[in-house]
Amino acid sequence: MGTEMASWREIPDRLTPIPEREYILALAWTWTRFYGQGPLSKQLACCLSQMVLETGRKPDPDRRGEFLWGVYAHNYNWGNIKHTGGDLARHWQFYRCAEIIKGKQVWFDPPHPQTRFRAYEKADDGMMDYIRFLAMDRERYLKAWVEGVLGGEPVVFARELGRAGYYTASIARYTRTVVRLFMEFQGKVAEVLSSRDANGIYASADEAHRERIMRLVGATVWDSYRGEFGDSEEELPEDEAREAITPNV
């Protein structure tokens with residue numbers, strides 16, 4: 001019986017990219033279901049920047065000028081969240097991954113426990129679990145979520161994730177890359193959230209609240225925290241970030 005249950009809960013590994021606009025809208029609707037109200041553009045941009053850094057993107061061959069996001073996401077696991085025996089996540093999968101251990105990159109192959117990750121059957125299931133994981137399931141990530149995401153501060157979000165052990169890459173380089181993606185994504189997120197497709201999320205918002213929803217963070221978001229990281233402008237290449245998948249259990 002136990003063997004049958006384990007077999008049923010394991011999903012074959014597969015990549016699950018989706019178009020960027022669909023990705024943004026799916027996360028906005030998921031956030032609305034979780035909190036009962038739509039996110040601010042800067043809150044959504046914080047999440048999207050870290051998720052895309054973890055799971056990659058590439059030009060969408062079917063939509064000129066747009067991207068597929070999550071091109072290295074496995075079964076809609078947008079944050080590369082590990083699966084442990086006590087997890088509420090219904091399914092798991094195995095895929096090869098690397099971690100930075102004592103300054104060196106170490107690779108692990110299935111079925112090593114480090115290669116066991118959460119898996120989902122739908123995109124929004126993975127997004128809901130991503131929010132729950134950071135906002136509720138793991139107390140050590142609460143500061144990153146409350147002060148970083150809810151505060152719309154990408155530097156705080158990425159820095160506190162690193163301090164809490166979410167990733168094994170350099171905190172300064174990982175944070176700098178999240179900030180660069182955040183600055184890139186803000187306009188796109190605001191555009192999508194103000195579109196007809198998102199009207200259902202913000203239909204009841206008054207004009208003042210709509211302005212607050214769309215308010216963007218200034219271009220000096222990194223500069224105000226630079227003293228914590230030194231003067232280096234070096235970013236973490238996105239491919240390298242994905243090779244620093246971590247024991248974020």
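Student: Is Glu-20 buried or exposed?

Tutor: Please note that this is a predicted model. A residue counts as buried when its relative accessible area is under 20%. Glu-20 has a relative accessible area of 4%, so Glu-20 is buried.

Student: With which residue does Glu-20 form a salt bridge?

Tutor: The partner of Glu-20 is Lys-188, and their closest N and O atoms are 3.2 Å apart. This pair links distant parts of the chain, since Glu-20 belongs to helix α2 and Lys-188 to helix α7, 168 residues apart. Lys-188 is partly exposed, with a relative accessible area of 23%.

Student: How many salt bridges does the structure hold?

Tutor: There are 10 salt bridges. Another of them joins the side chains of Glu-184 and Arg-57, at 2.7 Å from N to O. Here too distant parts of the chain are linked: Glu-184 is in helix α7 and Arg-57 in strand β2, 127 residues apart. Arg-57 counts as buried at 17% relative accessibility, whereas Glu-184 is partly exposed at 38%. Together with Arg-180, these two residues are linked in a network of salt bridges.

Student: Why are Arg-163 and Glu-160 separated by about one helical turn?

Tutor: The general idea is that an α-helix has 3.6 residues a turn, so residues three or four places apart point the same way. In this case, Arg-163 and Glu-160 are 3 residues apart in helix α6, and therefore about one helical turn separates them. They form a salt bridge whose closest N and O atoms are 3.1 Å apart. Arg-163 is exposed, with a relative accessible area of 54%, while Glu-160 is buried, at 7%.

Student: Which residues of α5 are buried?

Tutor: They are Ala-144, Trp-145, Gly-148 and Val-149. Because these residues cover an arc of only 105° around the axis, they lie on the same side of α5. They pack against α2, α3, α4 and α6. Helix α5 also gives the most to a nonpolar surface patch, with 3 residues. The patch, of about 290 Å², is made by Tyr-35, Leu-142, Val-146 and Leu-150.

Student: What is the order of the strands in the open sheet?

Tutor: The order of the 3 strands is β1-β3-β2, with antiparallel pairing. The edge strands, β1 and β2, each pair on one side only. Between β2 and β3 there are 3 bridges, and Pro-59 has Phe-67 in β3 as its bridge partner.

Conventions:
Residues numbered from 1 in each chain as written. Predicted model: local features only at pLDDT ≥ 70, side-chain atom pairs only at ≥ 80, totals over all residues. Heavy atoms only, no water. Patch = residues over 30% accessible without salt bridge, like charges linked within 9 Å, V, L, I, M, F, W, Y side chains within 5 Å. Areas by Shrake-Rupley, 256 points an atom, 1.4 Å probe, with all protein chains shown as cover. Salt bridge = Lys/Arg side-chain N within 4 Å of Asp/Glu carboxyl O. Helix = DSSP H or I, 4+ residues; strand = E, 2+ residues; numbered from the N terminus. Pairing = 2+ DSSP bridges. Buried < 20%, exposed > 50% of the residue type's maximum accessible area, 1.4 Å probe, protein only. Arc of directions from axis to C-beta. Contact = heavy atoms within 4.5 Å.
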